[in-house]
Amino acid sequence: MTAQTVWIGIGFLGQALFSARFIIQWLASERSRRSVVPLAFWWFSLAGGATLLSYALWRGDPVFVLGQGLGLVVYLRNLMLIRQHRQTADA
């Protein structure tokens with residue numbers, strides 16, 4: 001197995017994680033009978049985005065790197081806001 005084959009596998013894994021977040025959001029919304037964004041959506045966004053960023057860096061694709069890098073900031077910030085809200089609610 002070549003390094004290129006491994007990296008292509010990493011790219012597909014990242015895309016699978018990133019795509020799974022939409023299925024998670026859809027199922028949670030169907031369960032609630034309203035549009036919701038579950039916590040797992042943000043975790044899958046972060047995992048998929050980080051994996052795709054590593055693949056983009058390996059490819060040396062600046063457009064892909066910028067897109068995934070900026071997305072990670074949004075996913076992390078949402079997770080921080082959720083954590084702060086839960087801590088405030090528990091207090």
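Which residues does Y75 touch, not counting residues up to four places away in sequence? Y75 touches F18, R21, W42, S45 and L46. Here a contact means heavy atoms within 4.5 Å. Keep Y75 in mind, and look at the whole chain.

This is a predicted model, where local features need pLDDT of at least 70 and side-chain atom pairs count only at pLDDT 80 or more, while totals for chains, interfaces and linings use all residues. Residues are numbered from 1 along each chain as its sequence is written, and side-chain values use heavy atoms, with hydrogens and water left out.

The chain has three helices and zero strands. Its pattern along the sequence is α-α-α. Helices (H or I, at least four residues) and strands (E, at least two) are DSSP runs, numbered from the N terminus.

Among contacts with a separation of 6 or more, 57% join residues 24 or more positions apart.

Now take helix 1, residues 3–32. At 1.5 Å a residue, its 30 residues should span 44 Å, and its end C-alpha atoms are 44 Å apart, which agrees. The expected span is 1.5 Å times one less than the number of residues in the helix. G11, G14, F18, R21, Q25, A28 and S29 are buried in helix 1. Buried means under 20% relative accessible area, exposed means over 50%, and partly exposed lies in between (1.4 Å probe, protein chains only). The cover over these buried residues includes helix 2 and helix 3.

E30 and R33 meet through their side chains in a salt bridge (3.8 Å, N to O). A salt bridge is a side-chain nitrogen of Lys or Arg within 4 Å of a carboxyl oxygen of Asp or Glu. The count by this rule is one. E30 is partly exposed because its relative accessible area is 41%. R33 counts as exposed because its relative accessibility is 71%. R33 follows helix 1 and has a positive phi, near 60°.

Helix 2 comes next, at residues 39–59. Its 21 residues reach 30 Å from first C-alpha to last, close to the 30 Å expected. Its buried residues include F41, W42, S45, L46, L52 and L53. Helix 1 and helix 3 are part of what covers the buried residues of helix 2. A47 also sits in helix 2. A47 is partly exposed because its relative accessibility is 33%. G60 follows helix 2, with a positive phi near 70°.

What lies inside? The largest nonpolar core has nine residues: F18, F41, W42, L46, L52, L53, L72, Y75 and L79. Helix 2 gives the most, with five residues. A nonpolar core is a set of buried Ala, Val, Leu, Ile, Met, Phe, Trp, Tyr and Cys residues joined through side-chain atoms within 4.5 Å. In soluble globular proteins, nonpolar side chains tend to be buried together.
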